[in-house]
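Q: Hey, could you walk me through this one? I'd like to start with the rings.

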Amino acid sequence: MSKSKDASASGIILKYLNEQNRPYSAQDVFGNLQKEHGLGKTAAVKALEQLAQQGKIKEKVYGKQKIYFADQEQFPSVSETELKTMDNQISELTSKLQEVLQSCKQLEAELKELNSSMTTKDMKAEIELLKVECSSGTEKLKKVKSATNHVTPEEREKVYNERKQYVKEWKKRKRMATDLIDAILEGYPKTKKQFFEEVGLETDEDYKVTIPDL
């Protein structure tokens, strides 16, 4: 890096540390300034080390980590009264910041709700669609009411009773057949499957048929 670039990097970093007046690592300085000023990490580290050697900034070592910060001697001393005033200002600003953040959070929630809501155009389209569906349902209802082939309650009851009778008979006959087959198999030398194949028996299970509930 040329001397002019070194001086430029040093000037940018010195100005930044004095303005912020808080400790930073080399990585912090690089991360905070690279986008705006295009500083590389190597240039940032070199500039910080040079500034520290020149006594323009202070350097503290914590294990493997180096921390850099502005030379506090350049700043005017502050009295206890001024410190208390600053503390009060910080407290007030912090309170205002919390209020603003809360307000932003509420506005974001309202914006999210508005974005998820239907627009006037979408609502009109939905209403038209519902009108069409309602009209179609009304027509179907009219056709059903005007039909002449309605099943009377008596006819329906008769069908239900007949179905119940047939299901009971089905169960009865299946139970009788099962008992008879079990009796035969007691003296049959082969397996149940072989017996079915020899006599040509087909079961409900072969056709995936189950007896319905009553």
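A: Happy to! Y188, F195 and F196 form one aromatic cluster. Keep in mind that this is a predicted model, where local features need pLDDT of at least 70, side-chain atom pairs count only at pLDDT 80 or more, and totals for chains, interfaces and linings use all residues. Residues are numbered from 1 along each chain as its sequence is written, and side-chain values use heavy atoms, with hydrogens and water left out.

Q: Then why is the pair of F195 and F196 called tilted?

A: Their planes are at 50°, so the pair counts as tilted, and the ring centres are 6.1 Å apart.

Q: Is F195 buried or exposed?

A: Buried, at a relative accessible area of 8%. Buried means under 20% relative accessible area, exposed over 50%, partly exposed in between (1.4 Å probe, protein chains only). Y188 is buried too, at 18%, and F196 is buried at 16%.

Q: New topic: how do β2 and β3 pair?

A: Strand β2 (residues 57–62) and strand β3 (residues 65–70) are antiparallel, with six bridges. Strands are DSSP runs (E, at least two residues), numbered from the N terminus, and two of them pair if DSSP finds at least two bridges between them.

Q: Which residue stands opposite K60?

A: I67, in β3.

Q: What about G63?

A: G63 takes a positive phi near 65° in the hairpin of β2 and β3, which has two residues between the strands.

Notes
Rings of Phe, Tyr and Trp (its six-membered ring) pair if their centres lie within 6.5 Å; planes under 30 degrees apart count as stacked, over 60 as edge-to-face and the rest as tilted. Helices (H or I, at least four residues) and strands (E, at least two) are DSSP runs, numbered from the N terminus.
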